[in-house]
Amino acid sequence: MTKKTNNKPVKNKATDLTSLLIWFVLILLINYIGSTVFSRFDLTSEKRYSISEPSKKLVEELEDVIFFKVYLEGSFPAGFKRLRDETKEMLDEFRAYSGGKIEYEFINPSENPDKKERDKVYKILYESGLRPTDLEVREESGISNKMIWPGALVDFRDTEISMQLLKSSTGASPEVMLNQSIEALEYEIAAAIKKVTSSSKGTIAFLQGHGELDKFHTADITKSLEDYYNIEYVGLKGNIDALTARFGQDSTSVYVQNKYDLLVIAKPQSAYSEKDKYIIDQHIMYGGKVLWLIDQVTAEMDSLKTSNVTMATSKALNLEDQLFKYGIRVNKDLVQDIQSAPIPIVTGAMGNQIKTDLFPWNFYPLFLQQSKHPITKGLDAIRGQFVNTLDLVGNNEIQRTVLLETSPYTKVVRAPTRISLDMVKFEAQQSQYNQRNVPVAALLEGEFESVFKNRVTSQIANNPLMKFKERSKPTKMIVIADGDMISNYVKESTKEYYALGYDRFTKKLYANKDFILNCINYLIDDSGLMLTNSKSLTIRLLDKEKVKSDRILWQTVNIGGPILIILILGGVIFYVRKRKYTKH
């Protein structure tokens with residue numbers, strides 16, 4: 001009788017070893033591929049966890065570590081926990097593309113139980129540029145106030161800047177404000193990285209010589225700009241080289257270059273000569289950017305201090321043909337808007353004290369966020385003062401975007417017109433305010449045609465030293481029909497100035513400075529970083545009525561569903577095992 005040898009265990013062992021070896025090789029191969037090929041996948045419909053190419057390029061070029069100290073830790077409402085979590089996830093995304101050069105820490109500034117020590121921390125944060133938010137929190141013991149600091153301090157080498165994470169918006173619900181803040185996270189982080197790492201500064205010229213705003217009335221905006229740009233106040237005086245520089249040994253090798261990255265023309269009062277217009281025009285033709293803040297009507301509150309009535313009259317700036325050629329017209333009129341800021345009016349006296357009350361002043365319109373453009377997205381209310389209207393005209397090749405527009409309850413009056421403080425005594429009738437969404441600020445982008453095309457003499461047009469250019473390089477400009485949009489209040493006796501957008505009577509800070517800064521950053525920045533502020537996230541809120549009516553059903557499903565699934569799986573496994581191991 002022959003004895004059979006059973007080789008099955010030996011074969012099984014060899015198969016197991018082969019499988020183990022294959023899996024080991026596959027794991028090594030996957031790790032090697034993962035270390036050489038970097039990719040991330042975002043399956044959300046809005047790509048909320050993806051960063052744009054400009055942001056990726058920015059962090060990929062970092063030379064050293066940037067450290068974020070984020071003050072969004074502690075016990076606070078669910079909405080701020082969401083902002084904290086989204087901030088952490090966005091920082092993780094930046095860190096992934098930076099090769100580990102982005103580091104962060106989340107800090108609770110209120111963790112110290114000693115009030116004096118907490119106040120010291122709060123003072124340091126405030127002096128560093130962060131602004132707190134005071135919340136009313138409902139707890140079991142009642143309602144309590146909680147101070148949180150929704151911002152971060154960003155450190156790079158020897159430089160530290162502040163970054164505010166919470167975006168406030170007049171009239172918006174807390175859910176909308178938090179959503180806007182989350183939408184802006186990528187831009188805020190990327191902008192902070194660029195600011196703190198920037199080694200070279202651009203140069204901004206504030207034009208002088210035609211009654212434009214002086215250093216005192218532009219002090220606050222220039223103070224904010226000086227950390228990132230060089231600021232100069234420049235008079236043209238007919239000097240052909242005031243804004244451009246010419247290089248070359250002879251007439252055949254001359255080339256022209258702009259001296260300034262941006263020209264700011266803020267509230268001129270007197271007419272521009274044709275020569276000065278030519279200098280500005282050629283700055284634009286050679287790719288220069290311009291921020292125009294133009295008042296075509298003379299109207300000032302100072303005129304109403306001595307008299308209850310004043311006349312608003314049109315100005316003669318001699319810029320109409322130039323702006324029209326570029327694709328826009330600033331009209332000689334004034335906006336009246338029911339959606340407006342208040343001013344103090346004397347209503348009587350109490351003893352020796354004059355009694356004043358605040359009344360809506362329809363010549364001070366408030367511009368709430370309407371445009372989805374990155375310049376205005378997420379901004380709080382912006383205050384205007386005696387604002388003109390804009391018409392988009394002329395060249396259809398120019399891309400034009402309205403940045404600010406009036407409310408649906410607007411009236412436009414042509415200059416000259418009579419302005420009286422007595423107007424506040426009468427309630428505005430909506431039937432008279434029947435114009436809606438009138439443009440007052442616009443962005444123009446493209447290749448502009450010179451206003452002096454076919455107008456200059458052949459001696460200028462053909463002069464190789466002049467280098468007259470009749471069509472611009474691709475460039476951009478912003479026109480704002482309100483010269484006061486960039487002006488801060490100045491106390492004339494002491495030359496003390498207030499923050500741009502600060503209302504001394506209501507103690508409210510409007511978003512004028514943020515708007516102007518966004519305009520300037522958009523015009524100067526050619527990297528496309530500003531466009532990262534265009535991200536939109538859909539607010540998916542629960543239907544409160546449906547939650548209330550279907551509460552018992554979904555509680556039953558959530559509690560009983562998993563138990564039922566486990567019982568079914570257990571029954572199936574029991575049945576399969578019974579069939580497999582039952583001997584027939």
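Mentor: Helices (H or I, at least four residues) and strands (E, at least two) are DSSP runs numbered from the N terminus. On that basis the protein has 14 helices and 27 strands. The model is predicted, so local features need pLDDT of at least 70 and side-chain atom pairs count only at pLDDT 80 or more, whereas totals for chains, interfaces and linings use all residues. Residues are numbered from 1 along each chain as its sequence is written, and side-chain values use heavy atoms, with hydrogens and water left out.

Of the 584 residues, 42% count as buried (under 20% relative accessible area; exposed is over 50% and partly exposed lies in between, with a 1.4 Å probe and protein chains only). Among contacts (heavy atoms within 4.5 Å) between residues at least 6 apart in sequence, 74% join residues at least 24 apart.

Turning to the charged pairs, the structure holds 30 salt bridges (a side-chain nitrogen of Lys or Arg within 4 Å of a carboxyl oxygen of Asp or Glu). In one of them, the side chains of Glu63 and Arg157 meet at 3.7 Å, N to O. This pair links distant parts of the chain, 94 residues apart: Glu63 lies in the loop between α2 (53-60) and β1 (66-70), and Arg157 in the loop between β5 (151-156) and β6 (159-164). Glu63 is exposed, with a relative accessible area of 64%, and Arg157 counts as exposed at 53%.

Another salt bridge joins Arg455 to Glu274, with the closest N and O atoms 3.1 Å apart. Here the partners are 181 residues apart, Arg455 sitting in the loop between β24 and α11 (458-461) and Glu274 in helix α8 (residues 274-285). Arg455 is partly exposed, at 43% relative accessibility, and Glu274 likewise counts as partly exposed, at 33%.

Lys425 belongs to the loop between β23 (417-420) and β24 (439-446). The side chain of Lys425 meets that of Asp422 in a salt bridge of 3.5 Å, N to O. Lys425 is exposed, with a relative accessible area of 64%, while Asp422 counts as partly exposed at 31%. Elsewhere, salt bridges that share partners join Glu274, Lys277, Asp321 and Arg455 into one network. The C-alpha atom of Lys425 is separated by 9.8 Å from that of Pro360, 65 residues away along the chain.

From its first C-alpha to its last, α6 reaches 18 Å, close to the 18 Å expected (1.5 Å times one less than its number of residues).
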